[in-house]
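Subject: Structure for you to look at

Hello,

Here is the structure I promised to pass on. Please open it and keep it beside this email while you read.

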Amino acid sequence: MPIENSLSDPFNQPGLDLTDSELRETAYEIFVGACRSSGGGRPLTYVSQSSGRSSDKTSSLPSLQRSLTLTTTSKVKKALGMKVKKKEKESNGPELNGPATVGELIRVQMRIPEFVDSRVRRALLRIAAAQLGRRIESVVLPVEFLQQLKSSDFQTQREYEIWQKRNLKVLEAGLLVHPKLPLDRKDPAAQQLRQFIRGAREKPIETGRHSEAVQTLRKVTMQLACRSVDDYAPDTCHWADGTPLNLRLYQVLLEALFDVEEPTSMIEEVDEVLELIKKTWGILGIDQRFHNLCFSWVLFNHYVSTGQVENDFLFAVDNLLLEVKKDAKSTLDSGYSKVLCLTMNSMLEWAERGLLAYHESFYRGNIDLMQSILSLGLTAAVILAEENPHENGRRKIDDVANANVDIYIRSSMRKAFSQESEKVRINRKSAKSQLNHLPALCMLAQDVTDLAFTEKEIYSPILQKWHPLAVGVAVATLHSCFGQEVQKFVSGIKELTPDVIQVLIAADKLEKDLVQMAVEDSVNSDDGGKSIIQEMTPYEAEAVIVDLVKSWIKIRVGRLEEWVDRNLQQEVWNPKANRERFAPSAVEVLRTIDETLEAFFLLPIPMHPDLLPELMSSLDTCLRDYILKAKAGCGSRSSFLPILPPLTRCKGGSKLNGVFKKRDRSQMLQRKKSQLNTIDDNDPYDIPQLCVRANTFHHIRKELEQLEKRTVAHLKSIGIRDGIINSSRKNFEVSLASCVEAIQQVCEAAAYKIIFEELKHVFWDNLYVGDTSSSRIEPFLQELEQNLEVVAVTVQDNTVRTRLITNIMRASFEGFSLVLLAGGPSRNFTLEDSSIIQEDFRFLMDLFWSNGDGLPRELIGKHSVTVKGVLPLFSIDTCSLIEQFKSIMLTDGHGSSTKSRLPLPSTPDQWGPNEPNTILRVLCHRNDKAATTFLKKNYNLPKKL
């Protein structure tokens, strides 16, 4: 799979406050201006416009107006090692309706509109007329543009203001934020320019030939732009050659080399266009070093950003980095070094995402790509090491590639081993076989052997170019990983069995294969492979012997604890596992406890009464742990309740037509329902599985009563007196209490999960959203009834079933209140909707009553008090509600009649018709002008989140 494509841009540093479109326009202006002077220090010349607008494009820029011709071989592509793609149809001229000249091609590639291009050329003509004989490098283009163009040269005033701000931002970036030479913040010219730009942001300046503001700006910018540390090119203005501004502008120009219509291709005219781009070097302060570095980054960034499809770009980067490496060795420029390190770091970080787990990114079909990425990453690493030798420690520069490859091999092998281990675990789990470390380790040993031979055949031939012991490092890493698994396995063995022998044989065979591969790989090494062999610590089988003389009680209880942890991990809580619909693991836990008690009483010891409390306490703890772990992760009421959204007010307008919304809503619900039906039925926390947990806890509770009786019988059978027996009747107190608590928690969690998660799409996400009449409660009732049927079928005990359904009713009533009072800005009600809401709530209560076959009316009435108290508020007119709210607030001391605004009441623990926050929420969802005006005036509530 492709490597993650996020990159840290070395040229886009903080303080460069220019958008991509602003950078493109600025770069295009520099490009056209540089081509107009034809490079080489040629002075500006004036060309008359007597022939009309077309003269802008023809007479003045001969280098840009050369006709496009298709060349058979690109020198640039050839030098970079790129393949030359042949056009399907070759011709001697441009394609129909395509760019006719190089200048037009670049304009299209840089996405510059024709009217902008025309304006730029017109301005350059005026500049040439005003600056006869001066080189383009001796003028500050943004200032000249500001002087030569005014608002009448633009289609709209807004376009003119945006253009003006962009030129000032360029000046700020090039002269103040990223100047060529360091700038003292107290410099008078700098302070004056900052003040000028600040003022222009607040109020656009007047531009044009006779603008005093532009003359002031020219004076200040020339003082800053003409600073120089030497006398070389004394008439050169430094306004766009500070790093990283110059690099970003140059990057934008180089990106024009990629076909705008087909991003994974480079334009056929790359040679000619690149030569023209190089004419900007004088203005941007670019030389061959920066060109090589910037071009390599542009190629690399383009390869990554276009989906890593065109590997030619990556091959080109790899080749170009060789030139960058030569440049880095021959320069001491700290500015270049900083940009170089940022660029190499970004490339190295990206490459290492694939190289540190190369089994995931590369395979037999794309192994050549791995070689290019590895070469690129190692070249970057070596360049960084040469630039920062003090950070490399004692390691020699020549060892950097070897050391990095060593890291890549070990990291990739560890990850590959972890994946193989996980595959074995999943395969065994999916096969529903008993979890057994012995066969799993045998399977893993074979997989590791295959992995080692694959590594040697596919990956090592490439890695050996930089690391002569690539195979040895790989197999030594696998040996270490498997050795850790063997140690864990051996540490858990209590006695030798045929399975133990099987695993030891598999481990021994694997070890021999790995050592043999390491030896063969190390034959021609300096030390004969001793360092690798010494790294492969032999596996130890003697750890199988354990202390069999331990306390019998500790051994049995320890096994039970391990069994609980192991089987709970694979317990799926399947309601079809048995007729009683409780977990098989609970049956096994209880059976093991019963067998342990029987074996305990069969022990030929005289101190059963003395040791029984310790044994019972340990068994009680194990069973309590089973209960706690079985209920862990089930959640609680608070886990599923939605977070109350901030208060908002309705827009006060009309609702959407319910007739048209209903079809869309039905389609949306069908999509969501189909998505929910794809959920894994084996989810251990689905509703049927939670019901099985409740059944299981109830079953444990009943079985503990039987265990108590059998324990008393055992005591009597060995002649224990009644007094001692009576003192031992309080066994399993902790487990019994945990069962009661677990049943309550699971019932509550299942109830709130059904309402707020399983039925979220028809309840919280749908009920009364938009138009109330078209989003009523029927879809929710239909699916809730299906869930109640699942509960009725799955939960076996009547008491537990009633408790669970009661919790579901309580959760649905609470959810209904939340929909009405805290449903967010998507829900709004009118007075006419109150009858719909009351009718829907009656339907909801009737579902739980079920014509007398469901819950008792008294129980339903008890839990519906809160909702019934709130519902009448929705039938009260808005003005009355507002007066009622004000009255309560003033009566309760929340506000004063002299204050213009009432304080915002806090959210209560329980809603109520006389509770101010409840009334306020009804107003928040009231869809009329009076309510929204009141909320706006008193609380300034927003209309949307």
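E25, E29 and R166 are linked in a network of salt bridges. A salt bridge here is a side-chain nitrogen of Lys or Arg within 4 Å of a carboxyl oxygen of Asp or Glu. The structure holds 39 salt bridges. Side chains of opposite charge can pair when their charged atoms come close.

Some ground rules before the rest. This is a predicted model, where local features need pLDDT of at least 70 and side-chain atom pairs count only at pLDDT 80 or more, while totals for chains, interfaces and linings use all residues. Residues are numbered from 1 along each chain as its sequence is written, and side-chain values use heavy atoms, leaving out hydrogens and water.

Start with E104 and R107. Their side chains meet in a salt bridge at 2.6 Å, N to O. Both sit in helix 4 (residues 102-109), three residues apart, so about one helical turn separates them. Helices are DSSP runs (H or I, at least four residues), numbered from the N terminus. Is E104 buried or partly exposed? E104 is partly exposed, because its relative accessibility is 21%. R107 is buried, at 8%. The cut-offs are these: buried is under 20% relative accessible area, exposed is over 50%, and partly exposed is in between (1.4 Å probe, protein chains only).

Next, K509 and D513. This salt bridge has its closest N and O atoms 3.3 Å apart. The two residues are four apart in helix 21 (residues 498-521), so they too are separated by about one helical turn. D513 is partly exposed, with 22% relative accessibility.

Now look at D333 and R289. Their side chains form a salt bridge at 3.6 Å, N to O. What does the pair tie together? D333 lies in the loop between helix 14 (311-329) and helix 15 (334-355), and R289 lies in helix 13 (residues 288-305), so the pair ties together parts that are 44 residues apart in sequence. D333 is partly exposed at 31%. R289 is buried at 18%.

A buried aspartate

Find D594 in helix 24 (residues 584-602). D594 is buried, with a relative accessible area of 17%. D594 touches L707 and R710, not counting residues up to four places away in sequence. Contact means heavy atoms within 4.5 Å.

Two helix pairs

Two packed helices are described by the angle between their axes and the distance between the axes. Axes are lines fitted to C-alpha atoms, for helices over the stretch in contact, and angles run from 0 to 180 degrees between N-to-C directions.

Take helix 28 (residues 687-717) and helix 30 (residues 733-758). Their axes come within 9 Å and cross at roughly 165 degrees. The two helices are therefore roughly antiparallel. Angles under 35 degrees count as roughly parallel, over 145 as roughly antiparallel, 65 to 115 as roughly perpendicular and the rest as oblique. The contact includes F697 and L704 of helix 28, and C739 and V746 of helix 30. By class, this contact has 14 nonpolar, two polar and four charged residues. Ala, Val, Leu, Ile, Met, Phe, Trp, Tyr, Cys and Pro count as nonpolar, Asp, Glu, Lys and Arg as charged, and the others, Gly among them, as polar.

Last, helix 36 (residues 878-891) and helix 37 (residues 916-924). Their axes come within 10 Å and cross at roughly 155 degrees. That makes helix 36 roughly antiparallel to helix 37. Among the contact residues are F885 and I888 of helix 36, and P916 and L920 of helix 37. The contact residues divide into ten nonpolar, two polar and no charged.

Best wishes
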